[in-house]
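Work through the exercises below with the sequence and model open. Try each task before reading its solution.

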Amino acid sequence: MKNFLNFLKSKTFLIQLGLAVVAVVVLVILTMQWLKGTTNHGEFVEVPDFSKMSVSEMRKAVEEAGLRYQVLDSSNYNPDYPRFSILDQNPPAGNKVKANRKIYFTVNPSGYKKVSVPDIIQVTQRNATSMLRAVGLEVERVTYIDELGKDMVYNIKFKGKYIKPGDKLPKTSKIELICGNGTIPGSARVKADSE
């Protein structure tokens, strides 16, 4: 043990220790300089605001900023934004990022997704309205015809054309319900009188 303590106090050990410390310090400095050069330390690009840009405008702006991009699908149509425009981006506008960073975009689809018209024939107007709202359709107006079932749905129209249950319409479409007004139709009354 005495020899080991004498070795720690010797000139040879202290020189070796000093050289090791200098080598570690030089190695750390060189590594830091290399990392600074390869990682562009302190160099940032401000993320532009891409909202409401078309996809082609976004591509050009991303390339000019020295960034990369990835387009994510969007299933929710937003009528406040143009079709095929940028709805959202990550990271948000104004953030500082490294050059060549990937920006993720959510794009507005061309329109609402299509939904199936539920079977509301021979259903009351009130229930039919609830069923339509449940799938994302709206009742624009109700037209009454001479039929015995008061407020019973007999036909459905979309943009003036008759449609049937199962037809596909864009979500939020406004349709017209043709309902009975509770009176016996004239043709049925004539038929009953003749018998």
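**Exercise 1.** Classify Lys164 as buried or exposed, and locate Lys164 in the secondary structure.

*Solution.* Start with the area. Lys164 has a relative accessible area of 54%. Apply the cut-offs: buried is under 20%, exposed is over 50%, partly exposed is in between (1.4 Å probe, protein chains only). Lys164 is therefore exposed. Next, the place: Lys164 sits in the loop between strand 9 (161–163) and strand 10 (168–170). Helices (H or I, at least four residues) and strands (E, at least two) are DSSP runs, numbered from the N terminus. Last, a distance: Met53 is 111 residues from Lys164 in sequence, and their C-alpha atoms are 39 Å apart.

This is a predicted model, in which local features need pLDDT of at least 70 and side-chain atom pairs count only at pLDDT 80 or more, while totals for chains, interfaces and linings use all residues. Residues are numbered from 1 along each chain as its sequence is written, and side-chain values use heavy atoms, leaving out hydrogens and water.

**Exercise 2.** Examine the backbone at Lys159, Asp151 and Pro91.

*Solution.* Take Lys159 first. Its phi is near 55 degrees, a positive value in a residue other than glycine. Lys159 lies in the loop between strand 8 and strand 9. Its relative accessible area is 71%, so Lys159 is exposed.

Now Asp151. Phi is near 60 degrees, again positive in a non-glycine residue. Asp151 belongs to the loop between strand 7 (138–145) and strand 8 (153–158). At 26% relative accessible area, Asp151 is partly exposed.

Finish with Pro91. The peptide bond from Asn90 to Pro91 is cis, with omega near 5 degrees. Pro91 is in the loop between strand 3 (86–90) and strand 4 (96–97).

**Exercise 3.** What is the secondary structure of residues 12–35, and which UniProt annotation covers them?

*Solution.* Check the span: residues 12–35 are 100% helix and 0% strand. The end C-alpha atoms lie 34 Å apart. Then check the record: an unreviewed UniProt entry annotates residues 12–35 as "transmembrane region". Such annotations may be inferred rather than shown by experiment; positions follow the numbering used here, and feature names are shortened.

**Exercise 4.** Compare the radius of gyration of the protein chain with that of a compact globule of 195 residues.

*Solution.* A compact globule would come near 16 Å, but the protein chain has 37 Å. Now the box: the C-alpha atoms fill roughly 135 × 50 × 20 Å along the principal axes. Buried residues make up 25% of the 195.

How values were computed: Rg over C-alpha atoms; globule rule 2.2 N^0.38 Å.
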